[in-house]
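I opened my notebook to look at charged pairs, a sheet and a helix. Here are my entries.

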Amino acid sequence: MDLLSGTYIFAVLLACVVFQSGAQEKNYTIREEMPENVLIGDLLKDLNLSLIPDKSLTTPMQFKLVYKTGDVPLIRIEEGTGEIFTTGARIDREKLCAGIIVDTRCFYEVEVAVLPDEIFRLVKIRFLIEDINDNAPLFPATVINISIPENSAINSRYALPAAIDPDTGINGVQNYQLIKGQNIFGLDIIETPEGEKMPQLIVQKELDREEKDTYVMKVKVEDGGFPQRSSTAILQVSVADTNDNHPVFKEDEIEVSIPENAPVGSSVTQLHATDADIGENARIHFYFSNLVSSMAKRLFHLNSTTGLITVKEPLDREESPNHKLLVLASDGGLMPARAMVLVNVTDVNDNVPLIDIRYIINPINGTVVLSENAPLNTKIALITVTDKDADHNGRVTCFTDHEVPFRLRPVFSNQFLLETAAYLDYESTREYAIKLLAADAGKPPLNQSSMLLIKLKDENDNAPVFTQSFISLSVPENNSPGTQLTKISATDADTGRNAEIHYLLGIDAPSEFNLDHRTGILTAVKKLDREKQEKYSFTVLAKDNGMPSLITNATVLVTVLDQNDNSPIFTHNEYNFYVPENLPRHGTVGLITVTDPDYGENSAVTLSILDANDDFTIDPQTGVIRPNISFDREKQESYTFYVKAEDGGRISHSSTAKVTINVVDVNDNKPVFVVPPSNYSFELVPPSANPGTVVFTVVAIDNDTGMNAELRYSIVGGNTKGLFMIDQTTGNITLKEKCVLADLGLHKLIVKAKDLGQPDSLFSVINVNLFVNESMTNATLIYELVRKNIETPVTQNIETTDTSSPSSDYVKIMVAIVAGTITVILVIFITAVVRCRQSPHLKAAQKNKQNSEWVTPNPENRQMMMMKKKKKKKHTPKNLLLNFVTIEEAKADDADNDRKAVTLDLPIELEEQTMGKYNWGTTPTTFKPDSPDLARHYKSASPQPAFQIQPETPLNSKHHIIQELPLDNTFVGCDSISKCSSSSSDPYSVSECSYPVTTFKTPVSVHTRLGISSRLLQQSTATAPDLGHGVSPLGQCSCRSCAAQPPLLRLLT
């Protein structure tokens, strides 16, 4: 039990050692004489290598058959799959295992290397060659002659020569048959201790030589294979005289040992045999049996007379370590004696070790070419050392004679793997001559050496190196195409093609440059222009010719030096500025922007006005144009001059541009009614007039131009019965419906003529008196009615039949006073609460909104502002208390009525809408529609930010409104260079200025529709001075205060 457990432990340890060393064994059984391409096995499956994932391997798994150079392998292996197939070489067991007598098992061994190094295995494959019945048994001769004495007793036996069959086992000799034995002879088979079958001839009847001395028969021998094979021989039996004693050997089995270096003629052994007969029957003849191998017969000599066996030829234990000599001793009889001599050839150290190099990496002309990038443990060859000697004489060690980056790693008892032990470098050592030494353990030891040449293959493992990784150079602009800039160079530590360098431009390199692939000379192939591009930064590449090639890059910075090759450039060839006619002297007209693509002094531009124009000045550096005169559109509508721009180059360049300044009208004239000539005129309307009949045409004129002179008419008071309507464009007053009897009498219409000036329009009102009657019999009475009608608030139409008592008028006035007072108090209270709760940022936003509304002539901004107003109107509920106000205007042209007032009911909604609605997208026909939009240009492209101009000096009491400018105006804004303060560091930033507001030539008072008189309203405003926020007797206020007031208070101001 202990022995078995110990054996098991030893086997386990041996398996572990073999596995760790990467060596394995695998046995297969194949039959001889197999055809080509027969699958024998699958190493991938049989060794469980399929469990190794492919993705962990640097290269695909490979199976490489390792065999001696010059040998013809009997099998082949698919390198990718590990499948083993037979080849076209014949597998002949009898040839492979010739001379093997004791052991009938025949093996064929090969080694297989499993690559790559991550899973390296060296597998020893042993193929057990199974015998097939491919050989027929044969007798030593086709005719067998034996002699049998005539006195042979019945059942006497005589040995016959045995047949030989190279096959083994069941395929060997199995049976003998006697053909045509004539019932005199029979045949029997006996089996020797060695397992050989020997035929014996049996005498079945008495022989009589005198009757018949010769018998001819056939002997057939058969094997047991399938298909069965056989052969025959002629057996010729001669009947001889009697010899009744057989020779006898002293020893039937003799075992001797003889060294393999025994000289020829040396005695091996002496055989002794005796015979009881005498005379010729006692003479013994020694000879080898036909079962002795031909090799033994060649090596040994048997003296037929003495029985001495000697060495006939030199022995070689390595060729055959033992020999069986079956010796027969015959006295001429039919039953020779048998003796078995076993000769053991002992070993002497007469063989030097043999070094067998089987390359895993196929050599080229005997030299292994190995890449310098080969990883550690790269397998180069399988070194097999053998010694035909035995025991210590055949124990061989293998080693190298000096230090090299290679090592021999043992895998089996006599096999070593030559593999790399360190990283290789072609640049330091290009080839190695490795001397392999093999020595046995004999005394004295014998050794053998062999050279293995390894030449390293240069790999492209060194990238080119630039002498400078950053290359900076300068070149003047306007160079000649093909100008050489610099030479770029790089080196490569490799050799041959791997060191050949080509120079390339990177993909970011502009087309202006070219790099010679061979010399590395960088040239400018195009004319460079600093104004288009001042610096060029790109990469250059150095690429070797290796496979794969290695690339190194360097950065090149080319700076283009400036030359004064550009003239100053105006943003426009012609500038058109639009200024209001009330622009003060030395105010800002516009800005001329000039650029020069050059650099430094070459781009320093100075501006001046040509032809000594004293009406305007221009700042030489900023380009701001200012007037030295006051504008009057009625005297001169435009001014034209030329501006010169000159740079500061050593050879200066200049250019000119035309400047046109257009004087724009401002809305400073109110409409003036021509028809009717006064408030006291009237027009007769016959009651029989049909609806739609033009009963009167109102005509007004405005001394302004453009939009400031376009008028819109509307009925803002009177017309209590809604009998009349007016065309807002033509001023035609038409009858709205058919007159009835109640409509007879005097009808007063308050007609308003309003211009379309911006930002504030101006208007005038007049009384239109229409007397509905068939005729005008008493003009004096009508004039009296008109005069009284003017003195009476326009709350209802005055008819000739209308008479109101003084007492009812008094009551109405008192009720109106009380109601108006309460309304004013409520409005004041609500306004105070709202203003107190306004946050500072909301006030600032309102201020900015007000400024942009009245100053900036941007149609897009106004459209956005109008949209916001519309949205606000949708969400803001109207105050029912502020539906109507009454405007009183004194008659300026009537001396008798200086202190009399005309009361006018104005719907505040109508007033605000009429003043606020204006189509900002409409371009006045008085300006050129195709003029350049310089405002947009300065806003987007000018180096200075856009600014706005505003009159610098305070205006007089006359109402001023800047007319809406066309879209091609350069800019409109505040002149921050003059008196307006600016919080911005930019000299052209928009300033926060006070703007003039509308003033009236006649005092205007406002009261509700309930009939508050002008005196009461003036008294209420006088008692509440805080409500006006800067209310002056003339009705003037600052835009800051007005912008933040509610609509009612703004109208009060």
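**Entry 1: salt bridges.** I counted 26 salt bridges. The rule I used: a side-chain nitrogen of Lys or Arg lies within 4 Å of a carboxyl oxygen of Asp or Glu. The model is predicted, so local features need pLDDT of at least 70 and side-chain atom pairs pLDDT 80 or more, while totals for chains, interfaces and linings use all residues. Residues are numbered from 1 along each chain as its sequence is written, and side-chain values use heavy atoms, with hydrogens and water left out.

I looked up Arg93 next. Arg93 forms a salt bridge with Asp131, and their closest N and O atoms are 3.3 Å apart. Arg93 lies in helix H3 (residues 93-96), and Asp131 lies in the loop between strands S7 (121-130) and S8 (143-149), so the pair ties together parts 38 residues apart in sequence. Helices here are DSSP runs of H or I with at least four residues, strands are runs of E with at least two, and both are numbered from the N terminus.

Are these two residues buried or exposed? Arg93 is buried, at 6% relative accessible area. Asp131 is buried too, at 16%. Buried means under 20% relative accessible area, exposed means over 50%, and partly exposed is in between (1.4 Å probe, protein chains only).

I then checked Lys124. Its salt bridge goes to Glu111, with the closest N and O atoms 2.9 Å apart. Lys124 is in strand S7 and Glu111 in strand S6 (residues 107-115), so this pair links parts 13 residues apart in sequence. Both Lys124 and Glu111 are buried.

Glu534 pairs with Arg530, at 3.8 Å between the closest N and O atoms. Here Glu534 is partly exposed, at 32%, whereas Arg530 is buried, at 7%.

I also found a network of salt bridges that links Asp117, Lys379, Arg407, Arg409 and Glu419.

**Entry 2: a sheet.** I traced 4 strands in an open sheet with mixed pairing, in the order S16-S23-S22-S19. S16 (253-259) and S19 (285-288) stand at the edges with a single partner strand each, so one side of each has no neighbour in the sheet. Two strands pair if DSSP finds at least two bridges between them. S22 (residues 322-330) and S23 (residues 337-346) run antiparallel and are joined by 8 bridges. Leu325 stands opposite Val341 in S23.

**Entry 3: helix H5.** Which residues of H5 are buried? They are Ile782, Leu785, Val786, Asn789 and Ile790. They cover an arc of only 135° around the axis, which puts them on the same side of H5. The arc is taken from the directions from the helix axis to the C-beta atoms.
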